[in-house]
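Colleague: I would like to learn how to read the aromatic rings in a model such as this one. Could we go through it together?

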Amino acid sequence: MAITVTAYGLTMEKIAEQVGNDVNFLTGTAKLSLHTSTYAVNRDTDDFFNDATNELGTATGYTAGGETLGSKTITYDTASDQVRFDAADVPWTFTASKTWKYGVVYIDTAGASTTDPLLFLLTWDSDQTVSTAYTVQWDAAGIYAIDTT
């Protein structure tokens, strides 16, 4: 099973422009939510959590809005010339079958979903169907890296 991680363009633009605190990965409440294959992803126009449609249904081990990311870091790796975003792995314990294809890392601003900026999109190579424990285990290099070369 392969997972590809990409960034949402409009939020990356806000980060580069240093616009507002709502895109602060370290101090904000970053979360990971899971979405079915019917989420019509558009990384050029999707900017807030209300655009990340078809989230998994609640109950049976999944909470609306997903799980909060712990132990968040941003580091610069001089050997690879990369700025790396990382966090603790994210576990779920499902009590019934759940199927998803996408994960969305976003900042929960504690306001409306129209103010929660999308950061990163996880895309599994195929639908994942799980009915027990599942952990999103980040790569050793982190969730996402920005190459500065």
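Modeller: What follows goes from the overall fold to the aromatic pairs. Please keep in mind that this is a predicted model.

Colleague: Which elements does the protein have, and in what order do they run from the N terminus on?

Modeller: The protein has 1 helix and 10 strands, and from the N terminus the order is β-α-β-β-β-β-β-β-β-β-β. With 149 residues, a compact globule would have a radius of gyration near 15 Å, and the value of 15 Å for the protein agrees with this. Of contacts between residues at least 6 apart in sequence, 73% join residues at least 24 apart.

Colleague: How is a pair of aromatic rings described?

Modeller: One gives the distance of the centres and the angle of the planes. In this structure a search finds 10 aromatic pairs. One of them, Tyr-62 with Trp-92, is stacked, with 6.1 Å centre to centre and 25° between the planes. Tyr-62 lies in the loop between β2 and β3, whereas Trp-92 belongs to strand β6, 30 residues apart.

Colleague: Are Tyr-62 and Trp-92 buried or exposed?

Modeller: Tyr-62 counts as buried because its relative accessibility is 2%, and Trp-92 counts as buried at 3%.

Colleague: Why is the pair of Trp-100 and Tyr-134 edge-to-face?

Modeller: Their planes stand at 75°, with the ring centres 5.0 Å apart, so the pair is edge-to-face. This pair links strand β7, which holds Trp-100, to strand β9, which holds Tyr-134, 34 residues apart. Both residues are buried. Tyr-62, Trp-92, Trp-100 and Tyr-134 are among the members of one aromatic cluster, which also includes Phe-94 and Trp-124.

Methods: Residues are numbered from 1 along each chain as its sequence is written. This is a predicted model: local features need pLDDT of at least 70, side-chain atom pairs count only at pLDDT 80 or more; totals for chains, interfaces and linings use all residues. Side-chain values use heavy atoms; hydrogens and water are left out. Helices (H or I, at least four residues) and strands (E, at least two) are DSSP runs, numbered from the N terminus. The radius of gyration is taken over C-alpha atoms; the globule rule is 2.2 Å times the number of residues to the power 0.38. Contact means heavy atoms within 4.5 Å. Rings of Phe, Tyr and Trp (its six-membered ring) pair if their centres lie within 6.5 Å; planes under 30 degrees apart count as stacked, over 60 as edge-to-face and the rest as tilted. Buried means under 20% relative accessible area, exposed over 50%, partly exposed in between (1.4 Å probe, protein chains only).
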